[in-house]
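Subject: Structure handover

Hello,

Here is the structure I promised to pass on. Please open it first, then read the notes below it.

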Amino acid sequence: MFAFFDAASFALLLVLTLPILALAGSLKDMCHAFSIAFSRNRQSSALEMKQAVTALKLCRTLLLYSGLFWTLATFIIILMNTTSLTTLGPNLAVAILTPLYACAACILLLPVQAVIEKKLLASEA
């Protein structure tokens, strides 16, 4: 099970995703998305919900692209520094964890987006 855990791979996703979310002005909306989705008492406007959905879509896209970016960068570094084929397999396995984490995060964000979209449809009806 520990073969699937690499803190550096997870950190690399955050290093690229969070600053770009902040630059796009969507980091605050991303944080609000969770309170909109899971708070029973919170009344949110249609605009807030649309902004949250937009932020979630952007975050999912950024996660996938940053996972791809870091994987390709890691592949290049590994291939440049590989002197023995016995180390190639384990190093590539670690490199593949970044897109795995990106996909897992995207899967976890989908229900949050779905809940907000349902609330948005209910508020417009």
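**A buried serine**

Ser-66 counts as buried, because its relative accessibility is 1% (buried means under 20% relative accessible area, exposed over 50%, partly exposed in between, with a 1.4 Å probe and protein chains only). This is a predicted model, in which local features need pLDDT of at least 70 and side-chain atom pairs count only at pLDDT 80 or more, while totals for chains, interfaces and linings use all residues. Residues are numbered from 1 along each chain as its sequence is written, and side-chain values use heavy atoms, with hydrogens and water left out.

Ser-66 sits in helix H3 (helices are DSSP runs of H or I with at least four residues, numbered from the N terminus). Its side chain makes a polar contact of 3.2 Å with the side chain of Thr-17. A polar contact is a pair of N or O atoms within 3.5 Å; within protein, one must be able to donate a hydrogen and the other to accept it, and residues adjacent in sequence count only if both atoms are side-chain atoms. Neighbours within four places in sequence aside, Ser-66 is in contact with Leu-13, Leu-16 and Thr-17 (contact means heavy atoms within 4.5 Å).

Ser-123 is in helix H4. Ser-123 counts as partly exposed, because its relative accessibility is 43%. A polar atom of its side chain lies 2.8 Å from the backbone oxygen of Leu-120. Leaving out neighbours within four places in sequence, Ser-123 is in contact with Ala-46 and Met-49. Ser-123 and Ser-45 are 78 residues apart along the chain, yet their C-alpha atoms are separated by 8.3 Å.

**Aromatic pairs**

How many aromatic pairs are there? The count comes to 2. Rings of Phe, Tyr and Trp (its six-membered ring) pair if their centres lie within 6.5 Å; planes under 30 degrees apart count as stacked, over 60 as edge-to-face and the rest as tilted.

Phe-10 and Tyr-101 form an edge-to-face pair, with 6.3 Å centre to centre and 75° between the planes. This pair links distant parts of the chain: Phe-10 is in helix H1 and Tyr-101 in helix H4, 91 residues apart. Phe-10 is partly exposed, at 46% relative accessible area. Tyr-101 is buried, at 14%.

The rings of Phe-69 and Trp-70 have centres 5.0 Å apart and planes at 75°, so this pair is edge-to-face too. Phe-69 is partly exposed, at 45% relative accessible area.

Back to Tyr-101. Not counting residues up to four places away in sequence, Tyr-101 touches Phe-4, Phe-5, Asp-6, Ser-9, Phe-10 and Leu-13. Tyr-101 and Thr-83 are 18 residues apart in sequence and 28 Å apart in space, C-alpha to C-alpha.

**The largest pocket**

The largest pocket has a volume of about 260 Å³. On a 1 Å grid over the protein atoms alone, a pocket is an open set of points where a 1.4 Å probe fits, with protein on both sides within 12 Å along at least five of seven lines; lining residues have an atom within 4 Å of a point. The volume is the space filled by probe spheres set on the points.

Of its 17 lining residues, Leu-14, Met-30, Cys-59, Leu-63 and Ala-105 are the closest to the centre. Helices H1 (7-23), H2 (27-38), H3 (46-81) and H4 (85-124) each supply at least two lining residues. H1 gives the largest share, 6 residues.

Best wishes
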